[in-house]
Amino acid sequence: MIGMLLDGLLAVTLVALAWRVLHAPELFESVVIFITLGLLMAIAWARLSAPDIALAEASIGAGLTGVLLLDTLRALHRGWENDAVREPERPWRAGWPAVAATGVLAVVLCVAVLAVPGGSPGLVAEVRERMPDSGVSQPVTAVLLNFRGYDTWLELGVLLIAVIGVLSLRGAPGLTAAPPGQAGALLSWLARLLVPVVVLVAGYLLWLGSSAAGGAFQAGVVLGAGGVLLWLAGHRPVTREWQWKLLLAIGFFCFFAVGVGLMAGGQLLLEFPVGWAGPLIMLIETGAALSIGGTMTALFIGLHFPVAGKPSGGAHTG
């Protein structure tokens, strides 16, 4: 009974916060509510017995995305101050098209869910049958890195293209060209203290992914948070441009190298031999975690370049 009440309260609160994000009179209030929404969404996924998604939502939706939005908002405010332009008004009527579109989408999703045959087993039986050959004991890791490794490989490629696109739009000459933030002694000391802990936590999540909730994505996001913290504290996470390129591309090309190596040995592309599946998955996950962490940090740093063809509006965060 208590669990049902908690779930009902959580569902109502999520809807109310989502509405408030769209209709808050100030952008800062919207960003803060969005971060709160991400935290509660993580709790909702945990209640649905999806710890992997809960970790990702807490780290991305409430953590890194919140930092990116706050930093973007600060840059916008500086631009408005420099150009003597007031923050645009947000009339409540402007949100109705988005609400209507969301309502239509919600109806379509409900119809699709209700159309699924009851008691459909899905692919659970097939996954369980092949788990001894997967090299890991965590079904999510087995699916993402072994059974459908093509999808995960292409997702890493999408992240790489996203960074290239952001830096191209910003006209960035290179990630090392952006000066790091200028923080006080306290934040600099705190960064030096916390970053080793961040690396240990990321390593633990990476290792844990073979047997429990965790893996490359969660580890990579934690590494990305550490990189952002270093940059805000006045330290460069990476000091050479070639190191940035290697960091961003290592996940995608690690997948590629393993696939080509398997084909040279007579296997199909990304068809892991039973005895080598575990080590190969750990190798790929390590490269993916490094690339994901580098991507998250690079996207944050990319905000501090002016958009190509436009003058700088004070995008640098001190």
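**Reading the labels in a predicted model**

Ala-177 sits in the loop between helix 7 and helix 8. The model is a predicted one.

Q: Why is Ala-177 called partly exposed?
A: Its relative accessible area is 43%.

Q: How far apart are Ala-177 and Ile-301 in sequence and in space?
A: In sequence, 124 residues separate Ala-177 and Ile-301. In space, C-alpha to C-alpha, the separation is 9.9 Å.

Q: What makes Thr-141 buried or exposed?
A: Its relative accessible area is 4%. Buried means under 20%. Thr-141 is therefore buried. Thr-141 belongs to helix 6, residues 139–147.

Q: Which residues does Thr-141 touch, not counting those up to four places away in sequence?
A: The contacts are Val-136, Asn-146, Gly-209, Ser-210, Ile-281 and Glu-285. Each has heavy atoms within 4.5 Å of Thr-141.

Q: What makes a set of residues a nonpolar core, and how many residues has the largest?
A: Members must be buried nonpolar residues, joined through side-chain atoms within 4.5 Å. The largest such core has 41 residues. Leu-175, Phe-255 and Phe-272 have the most contacts inside it. Helix 6, helix 7 (149–169), helix 8 (185–208), helix 9 (216–232), helix 10 (241–264) and helix 11 (277–302) each supply at least two residues of this core. Helix 11 gives the largest share, 11 residues. A second, separate core has 8 residues, including Leu-10, Leu-37, Leu-40 and Ala-44.

Q: Which residues is Phe-255 in contact with, leaving aside neighbours within four places in sequence?
A: Phe-255 contacts Leu-145, Gly-149, Thr-152, Trp-153, Leu-156, Leu-270 and Ile-284.

Q: How many aromatic pairs does the structure hold?
A: There are 7.

Q: Why is the pair of Trp-153 and Phe-252 called tilted?
A: The ring centres are 5.5 Å apart, and a pair needs centres within 6.5 Å. The planes meet at 35°. Stacked needs under 30 degrees and edge-to-face needs over 60.

Q: What makes the pair of Trp-231 and Phe-300 edge-to-face?
A: The ring centres lie 5.9 Å apart, within the 6.5 Å limit. The planes stand at 80°, over the 60 that edge-to-face needs. The pair is therefore edge-to-face. Trp-231 lies in helix 9 and Phe-300 in helix 11, so the pair ties together parts that are 69 residues apart in sequence.

Q: Are Trp-231 and Phe-300 buried or exposed, and why?
A: Trp-231 has 1% relative accessibility, under 20%, so Trp-231 counts as buried. Phe-300 also has 1%, so Phe-300 is buried.

Q: Which residues do ring pairs link into a cluster?
A: The cluster holds Trp-153, Phe-252, Phe-253, Phe-255 and Phe-256.

Q: What makes a residue part of the lining of the largest pocket?
A: A lining residue has an atom within 4 Å of a pocket point. The largest pocket has 25 lining residues. Val-140, Leu-144, Glu-155, Phe-217 and Gln-218 lie nearest its centre. Helix 3 (51–82), helix 6, helix 7, helix 9 and helix 11 each supply at least two lining residues. The space in this pocket is about 530 Å³.

Q: What is the phi of Ser-49, and where does Ser-49 lie?
A: Ser-49 has a positive phi of about 60°, although it is not a glycine. Most residues other than glycine have a negative phi. Ser-49 lies in the loop between helix 2 (27–47) and helix 3.

Methods. Residues are numbered from 1 along each chain as its sequence is written. This is a predicted model: local features need pLDDT of at least 70, side-chain atom pairs count only at pLDDT 80 or more; totals for chains, interfaces and linings use all residues. Side-chain values use heavy atoms; hydrogens and water are left out. Helices (H or I, at least four residues) and strands (E, at least two) are DSSP runs, numbered from the N terminus. Buried means under 20% relative accessible area, exposed over 50%, partly exposed in between (1.4 Å probe, protein chains only). Rings of Phe, Tyr and Trp (its six-membered ring) pair if their centres lie within 6.5 Å; planes under 30 degrees apart count as stacked, over 60 as edge-to-face and the rest as tilted. On a 1 Å grid over the protein atoms alone, a cavity is a set of points where a 1.4 Å probe fits but cannot get out, and a pocket is an open set with protein on both sides within 12 Å along at least five of seven lines; lining residues have an atom within 4 Å of a point. Grid points are joined across faces, edges and corners, and a volume is the space filled by probe spheres set on the points.
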